[in-house]
Amino acid sequence: MVTVYDVPPNRLIDELKEELEDNENIEYPQWAKFVKTGVHKEEAPVQDDWWFKRVSAILRSVYTDGPIGISKLRGKYGGRQNTGAKPKHATKGSGSIIRESLQQLEKAGLIEKTDEGRVITPDGQSLLDNLSHEIMKDMAKDNPELSKYL
């Protein structure tokens, strides 16, 4: 059985983004076009679909790293802050973006909250595994050796 671990993350996130754009519970917040994704960034994202990509990446992170909380996700989506002449240091990503994404994914029924953190639901796992299977089938067309995983 093909899982999320067997396919390239970027390709899975792009495919998942298209699925989540059709989900009525995942929507672009009004404030999202004005915010930076963390204090380490100088400007807001320029891609029109950055919100859905981030939500997709967070859903994949909950699948692979769950149970996981907002603080660990902030660290994962953080970066290096330019502090001028002083040495750069690590900073966390925006908690508001992650919190809103997790709330929308909970509303869609793809993740749920537990005492240890957020975990993937059977519906969310099924969605990701089915997308992974489709990606692997597509990759097997170009590379017949991959068909043994199907």
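Contact here means heavy atoms within 4.5 Å, a cut-off to keep in mind as you click through this tour. The structure is a predicted model, in which local features need pLDDT of at least 70 and side-chain atom pairs count only at pLDDT 80 or more, while totals for chains, interfaces and linings use all residues. Residues are numbered from 1 along each chain as its sequence is written, and side-chain values use heavy atoms, with hydrogens and water left out.

**The whole chain**

Start with a cartoon view. The protein has five helices and four strands, taken as DSSP runs numbered from the N terminus (helices: H or I, at least four residues; strands: E, at least two). Trace them from the N terminus and you pass α-α-α-β-β-α-β-β-α. Along the principal axes, the C-alpha atoms fill a box of roughly 55 × 35 × 30 Å.

Of the 150 residues, 39% count as buried, where buried means under 20% relative accessible area, exposed over 50%, and partly exposed in between (1.4 Å probe, protein chains only).

**The nonpolar core**

Next, select Ile58, Leu59, Leu105 and Leu128. Within the largest nonpolar core, which has 33 residues, these four touch the most other members. Such a core is a set of buried Ala, Val, Leu, Ile, Met, Phe, Trp, Tyr and Cys residues joined through side-chain atoms within 4.5 Å. Colour α1 (9-21), α2 (50-65), α4 (95-107) and α5 (122-142), each of which supplies at least two residues of this core. The largest share, nine residues, comes from α2. In soluble globular proteins, nonpolar side chains tend to be buried together.

Zoom in on Ile58. Which residues is Ile58 in contact with, leaving aside its neighbours within four places in sequence? They are Leu73, Tyr77, Ile98, Ser101, Leu102 and Leu105.

**A serine in α5**

Move on to Ser132, which lies in helix α5. Ser132 counts as buried because its relative accessibility is 0%. Not counting residues up to four places away in sequence, Ser132 touches Val2, Thr3, Val4, Val7 and Leu12.

Show the charged side chains next. The structure holds seven salt bridges, each a side-chain nitrogen of Lys or Arg within 4 Å of a carboxyl oxygen of Asp or Glu.

Pick Lys53 and Asp14: they form a salt bridge with the closest N and O atoms 3.6 Å apart. This pair links distant parts of the chain, with Lys53 in helix α2 and Asp14 in helix α1, 39 residues apart. Lys53 is partly exposed at 35% relative accessible area, and Asp14 is partly exposed at 33%.

Then centre on Lys17, which counts as buried at 10% relative accessibility. Glu21 forms a salt bridge with Lys17, the closest N and O atoms being 3.8 Å apart. Both lie in helix α1, four residues apart, about one turn of the helix. Asp49 also forms a salt bridge with Lys17, at 2.8 Å between the closest N and O atoms. Asp49 lies in the loop between α1 and α2 and Lys17 in helix α1, so the pair ties together parts 32 residues apart in sequence. Through shared partners, Lys17, Glu21 and Asp49 join into one network.

**Last stop: the loop**

Finally, select Pro45, found in the loop between α1 and α2. Pro45 counts as partly exposed, at 25% relative accessibility.
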